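Open your viewer and show the chains as a cartoon.

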There are 2 protein chains.
Amino acid sequence: MKVIDKIRKAEEEGRFFYSFEYFPPKTPQGVQNLYDRMERMQRFGPEFIDVTWGAGGTSADLTTELVATAQSVYGLETMMHLTCTNMPVEKIDNALKAAKECGCQNILALRGDPPKGQLNWESCENGFSHASDLVRYIREKYGDYFSIAVAGYPEGHIDSPDQESDMKYLKDKVDAGADLIVTQLFFDADVFIDFVKRCRDIGIKCPILPGVFPIQNYNGLKRVISFSNNHVPQRVWDELEPIKDDDAAVKEYGINLTVEFIRKFREAGINGFHIYTFNLERSSRLILERLQLVPDTESIKPLPWNPSLTAKRAKENVRPIFWKNRAKSYIQRTESWDEFPNGRWGDSRSPAFGELDGYGVSLKYPQQECLEMWGHPKSADDIAAIFAKYCKGTIAGIPWSAQQLDPETEVIRQRLAAINLLGYLTINSQPAVNGAKSSHEVYGWGPKNGYVYQKAYIEFFVSPQKLDELIAKISKNPQVTFHAVNRQGDLKTNTQSDQPTAVTWGVFPGKEIVQPTIVESTAFMAWKDEAFELWNEWAQIYDRESETAKVILDVMNSYYLINIVMNDYVDENGIWKLFNLEIDGDLSAKLMGSQ
Amino acid sequence: MKVIDKIRKAEEEGRFFYSFEYFPPKTPQGVQNLYDRMERMQRFGPEFIDVTWGAGGTSADLTTELVATAQSVYGLETMMHLTCTNMPVEKIDNALKAAKECGCQNILALRGDPPKGQLNWESCENGFSHASDLVRYIREKYGDYFSIAVAGYPEGHIDSPDQESDMKYLKDKVDAGADLIVTQLFFDADVFIDFVKRCRDIGIKCPILPGVFPIQNYNGLKRVISFSNNHVPQRVWDELEPIKDDDAAVKEYGINLTVEFIRKFREAGINGFHIYTFNLERSSRLILERLQLVPDTESIKPLPWNPSLTAKRAKENVRPIFWKNRAKSYIQRTESWDEFPNGRWGDSRSPAFGELDGYGVSLKYPQQECLEMWGHPKSADDIAAIFAKYCKGTIAGIPWSAQQLDPETEVIRQRLAAINLLGYLTINSQPAVNGAKSSHEVYGWGPKNGYVYQKAYIEFFVSPQKLDELIAKISKNPQVTFHAVNRQGDLKTNTQSDQPTAVTWGVFPGKEIVQPTIVESTAFMAWKDEAFELWNEWAQIYDRESETAKVILDVMNSYYLINIVMNDYVDENGIWKLFNLEIDGDLSAKLMGSQ
């Protein structure tokens, strides 16, 4: 969707709106961290995010990758920066094409800084000289497909001879087809308010978003202002002086100053703002909290998982539960599908999942961090202890999940830890929910005034012997269905057909039932390759001949992966009866206390 | 499905099974009554029904119509009788073709009685002489498509010279391709058991169903036995003698005798029986009750409405709620669809409903009965009183529904009656259900161990003035959605899109969510033509110039038809708050007491 349309809508509804700016990190680990951060920050409800242009080569590719992932995996409305620096028109074309392909409809068109090592800006061969040329080119070539933003310089661009010609350049950019202005950072609210006035005076009518930058530390501020020669009012220097060596205090000051600015803008009738996050999370969160801009469930969780914003997947509203912690891999492995399940899984006729390849399966932490988290397990029991630690939140991840357990699993966290210690190595789960309101803080999703439901689900690795015991128990309960498979692909199940089972659904006013998450055997078989391969990845961080590598590979080669659905969601604790856990009883208390 | 396959399955599962035989009634009213009866008797769980062949002309057409309706509207597995009497091979072909077209896969092949007025049986020109010829012909022409049953005569066919040749004829029929024997009636259980033994002795291996006939009255018994010269044991005569003038006592005796027979058969290892219902309901019901053969919800209500058994509609599992009391009309008006909604309404792309024509809209009672029920209303209030009477069960039907209110509306019956008196003329409704077990006696449907839900729904005619008041009230409740339309087609609605609303759904182990009933605007617009036209039909039973006709036509031309969904099914009484009815309060008590 075009950002300009979202802004118009927010303005019509008279509500605040805001956006986050990120830049492409320098390391793969940094990229992974940024993705995690984007996903978390999505819950703060930004109207859109933007990603700066990594001028030239690999860095530019990374921008397009970040944009595509934000758009398709995290479902964030994304704006891609695009500069003229070192960009002959063919490269511009490629970048625009890539943006369009992933469903991104928003470009921030910039001239850009001079190339590294050059003092003055010069256009490259067959390139553009001004942002306005780039805007005009995009409009000519793509018509109305893109929303085009341009930069505004409240204090004037450093290369401009005076403010008057600076305003003229801005007007040129808007006249060339830009529909939104996002300003560079500034440290004086009045400067921005005056800037808006000057824009309106010369006939610029499009929305103007102030770019706000919560000061993170004193030296950082000095560095930032040196780039554009920003004016910082004496008052700010005076207030910073006594705390300049206390980073925490400076951060707190930066947050309060930003909040003060935004309140001032609101009084002046400006309801949107753009945060330069510098890829950080905390300050943005605190600013929004202090402004009481916590979004409602409806706007940030249309479904229990993040829907893609790519055109092809626009109607997708059913996914298997298995990739819950690996959404990116799911998106990639289903990229070739012509149709995505919509309404029910059966709509997509026998979807073929893409093969695993390098990108699909890798640990999301660098080796050293993995070793610190997981140590050197010497037995299946040691491995079980690692899984249990993850459930308790003592370590940050396991190979199957680089994130802490979902808030929704809080209620089952202790029991999950307990069964891991018993040798059921859990990698995915959700508790039963019997009709929570769709606005529920933890379980809620979808439109207002609805109810959401979940069947209890649990997925884990288990030894063949324990599997047999479990299947014997399951056979006595007609409400429990399961699929179990080992690495070789031997499948055991008690389901009678290939029919999917809905495990998450919602009932809303004026709608058909929405059932966004299912359990189904074909998808499970595609998932199991990935799930087993992650043992291999884990083993590879150790010496091939080590005891640890051997025990991990032994588990990989002998254990089964099983998923269990407790179909009776009304009996919210029913699933735990399968595990010799006396709920609220002695054994359970002992187990939970023992770790 | 083939009856023989159903029988084999029942035998494998070691359960009792039974079937009902009906004959084509002589009057249109009789046909309507039979349909109602078939639908009610479906709840007794027959494995199949059969319809006798109305030899020749109109009567034969009626048989094929009854078969098609039972199969497609009521979803009853149906067997069509077919005789050789007066049936040249072209007619046989037509009958078989008609059966196949409506999804009927079962033929009971008979020679048939001699044509009326003839004493001895003779084959017609280009026709068959023996049932075995007919069986052979069907097998040759249709291969395995049909299950073919033939008649067995425990006491020997009246035309057979002796029992030995009679057995030989039977063996011929089986050898020609019959896979099931249904016997003629008899009054001595031992005769049947002996017959089965003799069949097995000469190598007949297919299932043999005893045809049982609960004696209805003394003279009827005498007439029945005169046709085939049946033997009635002296004991039965003796027991009937003292009660022969007391019809009720004879019926009771007939029921007990049949139950005794069936118990005896069961001891002999025969688990199925076929009831000659003579189009009556009560005796069959009592026999089944006394044998404790009340079927479970699962087997008789796979969905809240009766799914068709025609091949084309095999996957259909979503219907609009509007035709709840006029299923036949729905089937007819959607006959031309290539695909039927399955999983969700959206699957069937913009279905076009067939136009109304003669068969679609007519009163289901003869004029005299209508006049007795509805009298001569002289005002809108008089009309409202008729609707209220129907809700209270004082009269049997209204033009929109020829049946008593569903058992499920029992809980809202008093309130329905009350709002009718207030001028809201209800024609369809269902109460809210928040997760009843799928085995629930009243609300249950679908597989075992599931839960079923309903949103409260109500549909009624209302004056424009009352409509405005209602819409004002609805606008204050975000949980209520409605569509209102007058005869001219002016639509008012508060729904934002054409999306359907699910009003009945079920959650079952190992399945996606099933949502068999929806409310949707296109379907509603198709329904409203029919709903308004029924006022016209009603008016036509009166003199055109009469006050009654005028008042009815005035309502037709000025009122709106409105459907209301209370989306919050958790608030089970929420819908009533729209009607100035103080629930459990004074006004309500007064209104309910006043009629």
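Which residue just after helix 10 of chain A takes a positive phi? Select A:Gly269: its phi is about 85°. Helices here are DSSP runs of H or I with at least four residues, and strands are runs of E with at least two, numbered from the N terminus.

This is a predicted model, where local features need pLDDT of at least 70, side-chain atom pairs need 80 or more, and totals for chains, interfaces and linings use all residues. Residues are numbered from 1 along each chain, chains are lettered from A and ligands numbered from 1 as written, and side-chain values use heavy atoms, without hydrogens and water.

Now select residues 247-267 of chain A, which make up helix 10. Its buried residues (under 20% relative accessible area, 1.4 Å probe, protein chains only; exposed is over 50%, partly exposed in between) include A:Tyr253, A:Phe261 and A:Phe265.

Move to chain B and pick B:Phe261 and B:Phe265. Both lie in helix 10 of chain B, four residues apart, about one turn of the helix. Rings of Phe, Tyr and Trp (its six-membered ring) pair with centres within 6.5 Å; planes under 30 degrees apart are stacked, over 60 edge-to-face, the rest tilted.

Next, select B:Trp400 and B:Trp535. Their centres lie 4.7 Å apart with planes at 65°, so this pair is edge-to-face. The two are 135 residues apart, with B:Trp535 in helix 18 of chain B. Both are buried.

Last stop: B:Lys100 lies over the face of B:Tyr145, 4.8 Å from the ring centre. The cut-offs are NZ of Lys or CZ of Arg within 6 Å of the centre and within 35 degrees of the ring normal.

Key. Expected span 1.5 Å × (residues − 1).
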